[in-house]
Amino acid sequence: MVCLVATHTLKAAGTQQSSSVAGQLGDMDSSGTVDHSDIDPFVLGLVDPNTYVDQYGLDLNAVGDMDASGKMDNDDINPFVGLLVPAQAVPEPVTLSLLALGACLPLLRKKRT
Ligand SMILES: [Ca+2]
């Protein structure tokens with residue numbers, strides 16, 4: 001099991017103080033859960049980190065660094081998607097190939113008759 005807990009920093013509006021609170025890695029909107037509502041903030045963090053920090057007040061690298069490289073970047077996309085979509089729900093390439101082959105079988109049978 002992967003540990004999803006990270007520490008991020010929240011800055012109180014109008015103050016110079018900051019405090020660290022426990023947060024969940026991937027919880028980009030700080031809602032307390034990792035779900036599809038975190039997708040837009042994740043994308044915002046990738047394309048416009050300054051605006052993300054302004055809007056959410058979170059340490060982007062602490063909540064978005066999915067591969068623990070030390071910073072949030074494009075390499076964090078796949079781990080983030082993996083967090084949103086359980087591995088059991090994603091068909092493997094072999095499964096997809098079998099499904100595609102199965103879809104073509106009626107066409108092949110039709111040509112033979
Ligand atoms: Ca969330």
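Mentor: Helices (H or I, at least four residues) and strands (E, at least two) are DSSP runs, numbered from the N terminus. Residues are likewise numbered from 1 along each chain as its sequence is written. The structure is a predicted model, in which local features need pLDDT of at least 70 and side-chain atom pairs count only at pLDDT 80 or more, while totals for chains, interfaces and linings use all residues.

Trainee: What pattern does the protein chain follow along the sequence?

Mentor: The protein chain has five helices and two strands. Read along the sequence, these elements give the pattern β-β-α-α-α-α-α.

Trainee: At what angle do the axes of helix α1 and helix α2 cross?

Mentor: Two packed helices are described by the angle and the distance between their axes. Here the axes are lines fitted to C-alpha atoms, for helices over the stretch in contact, and angles run from 0 to 180 degrees between N-to-C directions. Helix α1 covers residues 39-47 and helix α2 residues 49-56; their axes come within 5 Å and cross at roughly 135°.

Trainee: Which residues of α2 make the contact with α1?

Mentor: Two residues are in contact if their C-beta atoms, placed from the backbone, lie within 7 Å. From α1, the contact is made by Pro 41, Leu 44 and Gly 45. From α2, the residues are Pro 49, Thr 51, Tyr 52 and Tyr 56.

Trainee: Which residues of α1 are buried?

Mentor: A residue is buried if 20 or more other C-beta atoms lie within 10 Å of its own, exposed if 12 or fewer, and partly exposed in between. The face turned away from the buried side carries the exposed residues Asp 40 and Val 47. The buried residues of α1 are Pro 41, Phe 42 and Gly 45.

Trainee: Is Asp 27 buried or exposed?

Mentor: Asp 27 lies in the loop between β2 and α1. Leaving aside neighbours within four places in sequence, Asp 27 is in contact with Gly 32, Thr 33, Val 34, Asp 38 and Val 63. Because Asp 27 has 23 C-beta neighbours inside 10 Å, this residue counts as buried.

Trainee: Is Asp 59 buried or exposed?

Mentor: Asp 59 is found in the loop between α2 and α3. The C-alpha atoms of Asp 59 and Met 28, 31 residues apart along the chain, are separated by 9.8 Å. With 20 C-beta neighbours inside 10 Å, Asp 59 counts as buried.

Trainee: What is the phi of Ser 30?

Mentor: Most residues other than glycine have a negative phi. Ser 30, in the loop between β2 and α1, is not a glycine, yet its phi is positive, at about 55°.

Trainee: Is Ala 68 buried or exposed?

Mentor: Ala 68 sits in the loop between α3 (60-64) and α4 (77-84). Ala 68 also has a positive phi of about 55° although it is not a glycine. Since Ala 68 has 9 C-beta neighbours inside 10 Å, this residue counts as exposed.
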